[in-house]
Structures are given as C-alpha cells and as structure tokens.
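Work through the following exercises with the sequence and the model at hand. Each task is followed by its solution.

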Amino acid sequence: MRQLESLPPTETLEIESGLKLIPRVKLTLTIYPASPSVTKPIDEWQLKRALIEFLKASLTVPITVPEEDLEIRRFKNLKKRKRDDPVAHGNLFIRDLGFLNVINRRNTDTVEEETDVKALEKKLLDWRKYIVEKMDGIELNLEGIKYKLSVVIPFSDDFEKTRRDWEEFYAFGNRGYSRGKQEPDTIVIRGVPSRWFAEPRVSSKPSMLVTHTIFSTFGKIRNLNVAEDDDPGKDVGEDGGDIIPGLHCKIVVQFEKYRDFYNTIKVLCGRSLQKQGSKLKADYEVSWDKDGFFHNSRNQEDEKSDRMPVKPAGQYRSKAPRREPYGSQFSSDDNRRKRFKD
C-alpha cells in the first residue's frame, strides 16, 4: 500500500479485502422556511433539482452531482415544529474532485497535473471553504415558498478541527487516566457494512480477524474491537424507512504508534468506503476515542473478575503483540440503522 504521508487528498486508496477509500467532500444541509408560518411539507425532489442546478450554474467550476449523492430528509409533521426549527435536513456528497489536480499555467496554454501533496491539501481546503460560503444562506423558491439553506462541513470530515480537538483535550481537558506524554492512539469508525468485514461464505457478522487484517495495513495494532452497530445516528429522521439489525458495524482500533494513528485518521477523514463489485459507498463517520474505550473495558473486566470466577463468553479484546484469540463484542441494545442497498 502507498505511504499515507504521500497520498494526495484527491486520490483513491486501495486497501485489503477488495476495499478502497474514495475521496469526497461532505456537506451537511439544513433547510429553514423563510416564513415561520409554513405548514406544507417540503418537496424533496424539487429541492434536489434546485440544488443540483445551483451547483451546475453558480460555481466557478461547475459541479455535476448525481441524485443519489444528495440526501434530503424532511420533517412531515410541521405543526409540531417550533418557530425556528428546520423543515428538512440532509447531506451532499461531492466525489468528483479531479478538477483540483489541474493547473493552468498563466500566459500559456499548458495544463498540468498537481502532484505536490501539501499544495493539493491547501487547494482542497480553500475550495471546500469557497463552496460552503457560496451555498450557505442561499434562498430557494419552491412553488412560491421560499426556503433558506444552512451548510456546514461536519466535524468528522474536518481533519484540522479533529486534530485541534485532541490537542486541546490533552493540553487542558484530559481525565488523568494516562501518564507520561499523552497522545491519542485510538480511532472509532461507525457506519460501515458488517458484511464487508465478515468472513466470506462463513457469516454476515463482522469478523475480528478480517477487521484486523484490513486495519493492519495502516500500522501495528495494539487493541481492536468490532461490534454490530444498529444506532441510526442523528441523521435518521421521520422517513427513516425499514430498519434491519446487524447491517452496520462499529470498529475501534488502537494503534501502537501515534504516527500510524495520525496518518490513518487523516486518510479516513474526507473519504468513503467502497467494496469491489458493489455500487454502495459507505459514508462512515470517523472520530478519535477520548473516553478511554480499552482502558475502561479493562477496568470493567477486572471488576467482573473480582465478582465472578468465570469470564462471560464473547468478552475478548484483541491484543496483537500477545497473539491472544480474537473475538467480537456484539450489542443488541443500540437503536437500529437504516437499511442500505447495493
């Protein structure tokens, strides 16, 4: 696999098990009525068409976005909404970022491709800021009813904000459970299909061994946990549809080296996961663990061992250096996530 430090933010990264990480820009959308007295549900199709046309006609570089990359979820019962509440929300994914690689040399007709990683990173950040400023606050007129659009970059997609978050946490807000130089080492990924991390033709449940093989390509792993994750998250609204348990999983990876943690979370921010042969793009959420997942799990296990001589089945943690057996922890207490289709 390519060295992560030299990976441009616009390049796809192929990893293990036929998986690849595809660059994207994700924008979180919130739609408010210009008049608080609006009681008619918004037409998602009309809103999609208006936004797609805006991206084609109002930017310095026109952007074409397929309808499936624009998610809109409306709130049906507007009578229950408060005066300042939105009428709909959603996400916009811009995946075709190849135009950022192009350099037009002044005073010549030469077109070259940008190869400097730092220059591309700055170019992407500048363009992302530009498109947020262009879209945030625009007014949309749908069948005579005016709506205002609020646009932000979600925190989990902003690596610089994420980095500043852990730096401030360890400088001012840590809980004192670790000693010495304090740096994060654990990544949390939610919203990836369980079957992509399962053993083929064996089970549809995520496998600790398969997951370990995939994430070992990023660096040496100290601890690993993979569990079914049926929490639909904050983005699922009233139109969530049928919910099926076990479709998604939550992965917690602790690396031995801070450098591997840093490079991995940087690559995961601003990308989607795709499996060879599947049209589905998993737009997961990535974060860093500030709650001491493995530290707390160890304390809980120690407390249980004091009370019970026999350890409950299925409660294993992966410790790669010691070659301990892998196992998965599954939870059925979470809410269920929206069903996806290939």
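The model is predicted: local features need pLDDT of at least 70, side-chain atom pairs count only at pLDDT 80 or more, and totals for chains, interfaces and linings use all residues. Residues are numbered from 1 along each chain as its sequence is written, and side-chain values use heavy atoms, with hydrogens and water left out.

**Exercise 1.** Determine which residues of α2 are buried, and what covers them.

Solution. Buried means under 20% relative accessible area and exposed over 50% (1.4 Å probe, protein chains only). The buried residues are V117, L120, E121, L124, W127, R128, I131, V132 and M135. Because they cover an arc (of directions from the helix axis to the C-beta atoms) of only 135°, they lie on the same side of α2. The face turned away carries the exposed K118, K122, K129 and E133. The cover of the buried residues includes β3 (25–33), α1 (44–57) and α5 (258–268).

**Exercise 2.** Identify the residues that touch the most other members of the largest nonpolar core.

Solution. A nonpolar core joins buried Ala, Val, Leu, Ile, Met, Phe, Trp, Tyr and Cys residues through side-chain atoms within 4.5 Å. Of its 38 residues, I189, F197, F215, I251, I265 and L273 touch the most other members. Apart from this core lies another, of 33 residues, among them V132.

How values were computed: Helices (H or I, at least four residues) and strands (E, at least two) are DSSP runs, numbered from the N terminus. Contact means heavy atoms within 4.5 Å.
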